[in-house]
Amino acid sequence: MTRVMVFGTFDMVHEGHIDLFRQAKKLADDVYLIVSIARDKNVEKIKGARPKNPESARLSRVKKSELVDEAMLGDLEGYMPHIRAAQPDILALGYDQDGEYVENLARDLREAGLDTKIVRLRSHRPEMFKTSKLQK
């Protein structure tokens with residue numbers, strides 16, 4: 001079994017997110033998909049505003065997806081403790097994920113002793129399926 005981990009806010013679960021989950025599930029033959037939900041505090045720090053839905057509701061919504069094997073809240077500080085605990089074989093990043101959590105990811109994985117591969121997933125009609133556009 002290949003453990004694949006994806007990350008996001010998931011203020012709503014729309015077709016773009018479903019496609020993200022599908023792409024992640026196709027990265028290997030037998031994938032166990034772990035979804036990390038961004039904490040409210042970190043969403044506010046990164047995006048400049050709190051998510052519309054609290055982290056507990058976002059976590060509950062993602063857990064209901066048949067494509068998701070496990071969903072968890074991310075760390076309140078940094079990101080390595082919960083990645084280390086999940087022991088993913090692959091980290092699958094969304095097409096638009098960047099910033100401090102991505103810049104040093106490869107280095108931080110190596111320093112944590114993890115041999116985790118990082119892949120970038122394709123966008124799925126971002127002109128239509130992007131939470132910021134759907135919530136207006």
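Predicted model: local features only at pLDDT ≥ 70, side-chain atom pairs only at ≥ 80, totals over all residues.
Biologist: How many bridges join β4 to β5, and in which sense do these strands run?

Modeller: Strands count as paired if DSSP finds at least two bridges between them. β4 and β5 run parallel and are joined by four bridges.

Biologist: Which residues is Ile118 in contact with, leaving aside its neighbours within four places in sequence?

Modeller: Contact means that heavy atoms lie within 4.5 Å. With neighbours within four places in sequence left aside, Ile118 touches Leu91, Leu93, Leu105, Ala106 and Leu109. The C-alpha atoms of Ile118 and Leu91 are 4.8 Å apart, although 27 residues separate them along the chain.

Biologist: Is Ile118 buried, exposed or partly exposed?

Modeller: A residue is buried under 20% relative accessible area, exposed over 50%, and partly exposed in between, using a 1.4 Å probe and protein chains only. Ile118 has 34%, so it is partly exposed. In β4, by contrast, Ile90 and Ala92 point one way, Leu91 and Leu93 point the other way, and all are buried.

Biologist: Which strands pair with β1?

Modeller: β1 pairs with β4 in the parallel sense over three bridges, and Val4 stands opposite Ile90 there. β1 also pairs with β2, again in the parallel sense, over seven bridges. In that pairing Met5 faces Ile34 of β2. Between these two strands the chain passes through α1, and the β-α-β crossover is right-handed. Right-handed means that, with the strands pointing away from the viewer, the path from the first strand over the helix to the second runs clockwise.

Biologist: How many of the residues of β2 are buried?

Modeller: Six of its seven residues are buried, and β2 is mostly covered. β2 also pairs with β3 in the parallel sense, over four bridges. In β3, Leu73 is the bridge partner of Ile37.

Biologist: Which residues of helix α3 are buried?

Modeller: An α-helix has 3.6 residues a turn, so residues three or four places apart point the same way. In α3 (residues 55-63) the buried residues are Glu55, Arg58, Leu59 and Val62. They span an arc of only 100° around the axis, which puts them on the same side of α3; the arc is that of the directions from the helix axis to the C-beta atoms. Among the elements covering them are α1, β2, α2 and β3.

Biologist: Where is Arg39, and which residues is Arg39 in contact with, leaving aside its neighbours within four places in sequence?

Modeller: Arg39 sits in the loop between β2 and α2. At 17% relative accessibility, Arg39 counts as buried. Beyond its neighbours within four places in sequence, Arg39 touches Glu55, Arg58, Leu73, Gly74, Asp75 and Leu76.

Biologist: How is a pair of aromatic rings described?

Modeller: Such a pair is described by the distance of the centres and the angle of the planes. Rings of Phe, Tyr and Trp (its six-membered ring) pair if their centres lie within 6.5 Å; planes under 30 degrees apart are stacked, over 60 edge-to-face, and the rest tilted. The rule gives one aromatic pair. The ring centres of Phe10 and Phe21 lie 5.6 Å apart with the planes at 40°, so this pair is tilted. Phe10 is in the loop between β1 and α1, and Phe21 is in helix α1, eleven residues apart. Phe10 is buried at 3% relative accessible area, and Phe21 is buried at 0%.

Terms used:
Residues numbered from 1 in each chain as written. Heavy atoms only, no water.
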